[in-house]
Amino acid sequence: MRKYLFSAGFALLVAATSVSITVMTPPAFASEIKYVVNDIPVTTGDIAHRAAFLKLQRKKGDAAQEMIDQTLRMAEARRLGIRISDAQVEAAYQRFASSNKMQLSQLDGVMEKSGVSKDHFKEFIRAQMAWNQALSARYRSGDGTGAVSEQDIVKKMLEKGGSKPSATEYMLQQVIFVVPAAERSATLAKRKREADAMRARFNGCNTTREFAKGLIDVTVRDLGRVLAPQLPPDWAEQIKATKVGGATVTRETERGVEFIGICSSREVSDDKVAQMVFQSEGSSGDKNADELSKKYVDELKAKARIVKR
C-alpha cells in the first residue's frame, strides 16, 4: 500500500520537473464554492489548481472529481484519528525535491509557474500520506476488504507446494536527539555532531540509556521486535546493512537527528510471517492497490452528501 499510495503520485512528476518554468505565468484562480462535500467546501480555485497539477503530470483526469475524492479521503482519515503534521509534509516535500535533484526554490518555481502552487502540492502530499495510513489500517482490519487470515494464507501456500517463508526479526532501539522546529537552523549541526559521537560509542542496546544520561533532550525508545517486512521504508536498507550491536548512520528527520541501534536479530518462520509476506507481495502491484482504494472511496461516496452549487 505504501509503495503505491505514497510513491505513485510523486513518480508521475519526475519527468515533468525538467520542463522549463519560465514560459508561462500562473493564472489567477477564483475561489468560489463549487461543491460542498459533507459540509466541506471545494472551490473553483481548488479545482483549477488540480487541473494544472494533472497537466503537469501529463495525466488525464477530472479535476473536480479528484478534489471531491480527496476531500472524502481526508475526512475519513480525520474520522480515524489520522493526523499528518506540517513537519511531515515539509519533510516529504524536501525529499521529493532532493530525489529529483532540485533545490527547494526550483521545486517551488515549478509549482508556481505551472499554476499548481506549492501549497496545493503539499496538501496533495498530506492527503496521500493520510490516505495511505487509512487504507493500510482498513486492509489489515479483516473487514472484508481483502485481508486474509494467517491460517488461510499458510493453507494457500502449502496447497501450491510451497513452504512457510522466513523473515529476519530485529530487536531495535531508536535514539533521537530532539531539535525543536524553532531552533532547527541554529542547533541542527551541533546536534548532529552530538548524535554522531554517541553513535560512534554505541556497542549494544544495554548501555544506550547510560550514555544518554548526561545529554540534553535525547530520547531512547525500545521499538521491540520488528519483522523485516515491517521496517520503516526510510530506515529498512540501513537496518539490514548494520550488524547486531551496531547502529545505523545518523539521519536528519522532522524530530531532529536520529539513529537506530540493532540489539539482536534472528530468522523466524511462522504463520504471521507468511501473512506479512503474502500481503506485501499481493499489495505491491498498482492494480491491487488501486482497486482497493477505489472500493473504499466508492463506499465513502455512497454515504456522502455532495451538493453542487
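Let's start with helix 5, whose buried residues are Leu107, Asp108, Gly109, Val110 and Met111. Here "buried" means under 20% relative accessible area, "exposed" means over 50%, and "partly exposed" is in between (1.4 Å probe, protein chains only). Helices (H or I, at least four residues) and strands (E, at least two) are DSSP runs, numbered from the N terminus. This is a predicted model, where local features need pLDDT of at least 70 and side-chain atom pairs count only at pLDDT 80 or more, while totals for chains, interfaces and linings use all residues. Residues are numbered from 1 along each chain as its sequence is written, and side-chain values use heavy atoms, with hydrogens and water left out.

Helix 5 (residues 104-113) has a partner: its axis and that of helix 4 (residues 86-99) come within 9 Å and cross at roughly 95 degrees. That makes the two helices roughly perpendicular, a label for angles of 65 to 115 degrees (under 35 is roughly parallel, over 145 roughly antiparallel, and the rest oblique). The axes are lines fitted to C-alpha atoms, for helices over the stretch in contact, and angles run from 0 to 180 degrees between N-to-C directions. Tyr93, Gln94, Phe96 and Ala97 of helix 4 meet Leu104, Leu107, Asp108 and Met111 of helix 5, a contact meaning heavy atoms within 4.5 Å. The residues of this contact divide into six nonpolar, one polar and one charged. In this scheme Ala, Val, Leu, Ile, Met, Phe, Trp, Tyr, Cys and Pro are nonpolar, Asp, Glu, Lys and Arg are charged, and the others, Gly among them, are polar.

## The whole chain

Now zoom out: the protein chain has twelve helices and seven strands. Of its 309 residues, 43% count as buried. Among contacts between residues at least 6 apart in sequence, 73% join residues at least 24 apart.

## A two-sided helix

Helix 10 (residues 233-241) has Trp235, Ala236 and Ile239 buried. They cover an arc of only 120 degrees around the axis, which puts them on the same side of the helix; the arc is that of the directions from the helix axis to the C-beta atoms. On the other side, Pro233, Glu237 and Ala241 are exposed.

What do the buried residues of helix 10 pack against? Their partners are strand 3 (167-178), strand 5 (251-252) and strand 6 (256-268).

## Two buried residues

Glu169 sits in strand 3 and counts as buried because its relative accessibility is 12%. Its side chain makes a polar contact with the side chain of Arg266 (2.7 Å), and another of 3.5 Å with that of Arg225. A polar contact is a pair of N or O atoms within 3.5 Å; within protein, one must be able to donate a hydrogen and the other to accept it, and residues adjacent in sequence count only if both atoms are side-chain atoms.

Thr71, in helix 3 (residues 63-79), is buried too, at 12% relative accessibility. Not counting residues up to four places away in sequence, Thr71 touches Val37, Ile40 and Val42. Thr71 and Val37 are 34 residues apart along the chain, yet their C-alpha atoms are separated by 7.1 Å.

## Positive phi values

Most residues other than glycine have a negative phi. Asn38, in the loop between strand 1 (33-37) and strand 2 (40-43), has a positive phi near 50 degrees. Asp217 has a positive phi near 55 degrees and lies in the loop between helix 9 (208-212) and strand 4 (218-227).
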